[in-house]
Amino acid sequence: MAIRNEVTPIPGGERPMVRGVDGCPAGWIAVTIAAGGRLMPNVTIARNFAELAMGVEKIAVDMPIGLPGRAGPGGRGPEAAVRRLLGRRRSSVFSVPSRAAVFAADYGEACRMALATSDPPRKISKQAFFLFPKIREIDMLLRDGPAMRDVVFETHPEVAFWHANGEAPLQYPKSKPEGLRERRDLLERQGFPPAFLDAPVGRGAKRDDFLDACVNALVARRLLAGTARPFPDPPGRDGHGLPVAIWA
């Protein structure tokens with residue numbers, strides 16, 4: 001089953017569906033599953049997040065939601081809360097800079113704004129800067145459409161895998177073949193069909209993006225069931241009223 005570069009019809013007729021989303025080179029990769037019973041997974045790639053925000057009950061996305069006015073040591077509360085769970089995988093959780101830095105026009109301005117709005121003062125990496133357009137995309141969607149705040153939630157794949165692995169961090173990083181296999185096998189044990197997990201990812205997304213979207217979908221399922229856990233608990237709010245928590 002190859003990934004298609006458009007939003008495909010949701011399988012299952014009128015059955016409630018949920019969606020896990022991860023950023024990818026082409027934009028966003030989404031895995032949609034049934035809210036209960038057999039997963040019935042479906043995968044798609046979309047250029048814009050808004051294309052994925054409709055037609056499902058809950059979305060769990062690997063992207064920060066809720067931006068601080070000032071960034072403290074270690075980032076926001078969610079980053080500090082989940083790092084202690086992840087052991088050797090804690091380096092996968094990056095510190096979210098201030099709203100002013102995320103909305104800066106270029107890398108130089110972003111670094112200047114980050115220095116002025118962080119304690120202790122610190123610049124941002126190029127890797128973090130390249131995520132800012134996606135962070136802004138979700139931020140503006142949720143600020144312009146408050147109803148979407150009950151649909152779209154932040155997660156982190158390593159925290160989601162931690163939960164799926166009996167609340168134990170994974171052994172290998174996803175950058176290694178052993179790490180991809182570890183994640184793939186864990187997803188199979190969670191009910192994803194082997195043929196779905198082993199299908200070519202296709203152009204526009206990487207294998208780890210796909211696996212992350214799969215595990216994020218399981219978080220979305222728990223969000224709808226009311227069994228997902230926020231870090232911190234209870235979630236905070238940013239200056240625009242957006243929730244600040246990583247859900248697992």
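A crossing of two helices is left-handed if the near helix is turned anticlockwise from the far one by less than a right angle, and right-handed if clockwise. The model is predicted, and local features need pLDDT of at least 70, side-chain atom pairs count only at pLDDT 80 or more, and totals for chains, interfaces and linings use all residues. Residues are numbered from 1 along each chain as its sequence is written, and side-chain values use heavy atoms, with hydrogens and water left out.

**View A. Helix H7 crosses helix H9 in the left-handed sense.** Helices (H or I, at least four residues) and strands (E, at least two) are DSSP runs, numbered from the N terminus. H7 spans residues 177-189. Its axis and that of H9 come within 10 Å and cross at roughly 35°. Axes are lines fitted to C-alpha atoms, for helices over the stretch in contact, and angles run from 0 to 180 degrees between N-to-C directions. From H7, the contact uses Leu180, Arg183, Arg184 and Leu187. H9 answers with Arg207, Asp208, Leu211, Cys214, Val215 and Leu218. Contact means heavy atoms within 4.5 Å. By class, six of these residues are nonpolar, none polar and four charged. Ala, Val, Leu, Ile, Met, Phe, Trp, Tyr, Cys and Pro count as nonpolar, Asp, Glu, Lys and Arg as charged, and the others, Gly among them, as polar.

**View B. Helix H6 meets helix H9 in a left-handed crossing.** H6 covers residues 157-164 and H9 covers residues 207-225. Their axes come within 9 Å and cross at roughly 65°. H6 and H9 are therefore roughly perpendicular to each other. (Angles under 35 degrees count as roughly parallel, over 145 as roughly antiparallel, 65 to 115 as roughly perpendicular and the rest as oblique.) Pro157, Ala160, Phe161 and His163 of H6 touch Leu211, Asp212, Val215, Asn216, Val219 and Arg222 of H9. This contact has six nonpolar, two polar and two charged residues.

**View C. The largest pocket holds about 940 Å³ of space.** On a 1 Å grid over the protein atoms alone, a pocket is an open set of points with protein on both sides within 12 Å along at least five of seven lines, while a cavity is a set where a 1.4 Å probe fits but cannot get out; lining residues have an atom within 4 Å of a point. Grid points are joined across faces, edges and corners, and a volume is the space filled by probe spheres set on the points. The lining has 36 residues, with Asp62, Ser92, Gln127, Leu131 and Lys174 nearest the centre of the pocket. Strand S1 (17-24), helix H4 (126-129), H6 and H9 each give two or more residues to this lining. By class, the lining has 13 nonpolar, eight polar and 15 charged residues.

**View D. The largest cavity has about 40 Å³ of space.** Ile65, Val152, Phe153, Glu154, Pro243, Val244, Ala245 and Trp247 line this cavity. S7 gives the most, with four. Seven lining residues are nonpolar, none polar and one charged.

**View E. Two cis peptide bonds: Asp119 to Pro120 and Asp233 to Pro234.** Omega is near 0° between Asp119 and Pro120. Pro120 sits in the loop between helix H3 (107-116) and H4. For Asp233 and Pro234, omega is about 5°. Pro234 belongs to strand S6 (residues 230-237).
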